[in-house]
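Here are some notes to read with the model open beside you. Please look up each residue as it comes up.

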Amino acid sequence: MMPIQGWPFWLRLALAGILGAFAAFGLAPWGYWLATLVGLVFITPLFLACETPRRAAWLGWVFATGYFANALSWITEPFLVDAERHAWMAPFALVFLAGGLALFWSFAFWTTRRIGGSPLKQGLLLSISLTLVEFARGYVLTGFPWAGVAQVWVDTPIAQLLSLVGPYGLAALTFVSTLPLGAYLNGPGKPRYLLIPAFLTLGSMVLSLGYATFRPEVQFKQQVVRLIQPNALQHQKWDPDFAPVFFARQIEFTAAEPRPDLIVWPETSVPAWLDNAQPYLESITKAAQGTPVVLGIQRGEGPRIFNSMIYLGPEGRQDGLYDKHHLAPFGEYVPFGDLMARFGIYGMAATTGSGFSAGPGAALLDAEPLGKALPLICYEAVFTQDVLSAPGRADFLLQITNDAWFGTRSGPFQHLAQARMRAIEQGLPMMRSANTGVTAMIDPLGAVTQSLDLGQSGYIDAVLPIPLAKTVYARIGDIWVLAALLMLFVLVWRNVGTPRVQIPIDPSP
């Protein structure tokens, strides 16, 4: 048994914070997945040394705060685009976001310690509890599943399990491969107590690598998609002196030879509202020379405004429209926005009242001759449920985004990693046009076949991969994974009760 119980609690909290921050280096752009595993293994003995559920909750909160503070450090950068208005919010945003998300993990730590049991059983129960609160983090209050532990596997063969069990199932396997092993460090130390944790760890590894070897090879169509990246920095994007330069740059890329089968511009790439954009659309149609174009634009409908994607057919007609439906709180809208506007608080991407309005929901966009596209605007690619809610099977995923908001450190790379996860989960290729990068064509196994680096202007002509058969995860979704976790939680809980205390009965009357 490790002598952690004798350490001061403040020291254990400090170590938990360090371990959490260290574990975040498994995420993009670092990709040191071993750091995440080490952090999870060694937080378990600290957790088991907690004398009360309350202390366990504090330990879990500090560990998770360290993890999210490092993983989401990019969140300060959007506030620096318009520093005069928003810079004062930046440190509060990071502190409150990291600390708020950490409450989910803190609850898992508290619940597990409250139930109690042997070290191994608590390690198992904590694995399930953390996965369940990750589910909650992805759905509660519009959800924010960014920095989920499954993301650390995106550059490894283990990521292929996403097509089988999705991001939360892969998170469960990650937890169960590490936390019970860490529990052994706080157990009796006998070799036989290592058998089950070692079996769980090695079994998960064999399952992951074995499954990856049976994934089919990717085939490609003869169709070529041009993905455009103008590299419009956010503080210049709407500046009257720079907006024409960025638009002309995209027109030049659109007109370049040879002709592709489809051209994709990024999010809000037209510097005018749709009602007033006819001169811009005519210029785009002329440059496209009969090639369909997908582009991002803002539009109004009475008092409501939308972040939209339109499909311009070969003749320049608007043959398709999609309105973003999963909006970023405090970015694209502010809850109680009309009231908050009286105090000068607006969404960073909107300047009136409550900000943008949500569209009706997921939809398919007819992008013939390439097939049906499932459109995703920016932040929507983070949510597996937004892809699962599509009204039918698409031929490819189509993301347009403006990652200039995310700065140049970790944000754009983490966003790309999550886009790659959606491709694996569905067995569909994804075409991704990003304003400042990373623009990429992603195949159905999540590999980037062609890309344009962050901070460059230009375009890529990428061959469109052929979709794979509908994956198991695309068929069953999250509900069966959630149901299995809940059943496991109950099963472990029923076998983790504290020993009953025998109360002697006084035979005297």
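1. The model is predicted: local features need pLDDT of at least 70, side-chain atom pairs count only at pLDDT 80 or more, and totals for chains, interfaces and linings use all residues. Residues are numbered from 1 along each chain as its sequence is written, and side-chain values use heavy atoms, with hydrogens and water left out.

2. Helix H2 covers residues 33-48, and its 16 residues reach 24 Å from the first C-alpha to the last, close to the 22 Å expected at 1.5 Å a residue. The expected span is 1.5 Å times one less than the number of residues. Helices (H or I, at least four residues) and strands (E, at least two) are DSSP runs, numbered from the N terminus.

3. Of the 16 residues of H2, 12 are buried, so the helix is largely enclosed by the rest of the structure. Buried means under 20% relative accessible area, exposed over 50%, and partly exposed in between (1.4 Å probe, protein chains only). Among the buried residues are Leu37, Leu40, Ile43 and Phe47. The buried residues of H2 pack against helices H1, H3, H5, H6 and H7.

4. An open sheet of 6 strands runs in the order S6-S7-S8-S9-S10-S11, with mixed pairing. Strands S6 (365-366) and S11 (448-452) are at its edges with a single partner each, so one side of each has no neighbour in the sheet. Two strands pair if DSSP finds at least two bridges between them.

5. Strand S8 (residues 396-401) is joined to S7 (residues 372-377) by 5 bridges, and the two run parallel. Ala373 has Phe396 of S8 as its bridge partner, and Ile377 has Ile400. S8 also pairs with S9 (residues 430-434) in the parallel sense over 5 bridges; there, Leu398 is partnered by Met431.

6. Which residues cover the two faces of S8? Phe396, Leu398 and Ile400 lie on one side and Leu397, Gln399 and Thr401 on the other, all buried. In a regular strand the side chains alternate between the two faces of the sheet.

7. Arg420 is in helix H14 (residues 411-426). At 13% relative accessibility, Arg420 counts as buried. Leaving aside neighbours within four places in sequence, Arg420 is in contact (heavy atoms within 4.5 Å) with Val154, Asp155, Ile442, Gly446 and Val448. Its side chain reaches the backbone oxygen of Val154 at 3.4 Å.

8. The whole structure has 0 disulfides, a disulfide being a pair of cysteine sulfur atoms within 2.5 Å. Cys50 counts as buried at 1% relative accessibility, and Cys378 counts as buried at 8%.

Conventions
Polar contact = N/O pair within 3.5 Å; in protein donor to acceptor, adjacent residues only side chain to side chain.
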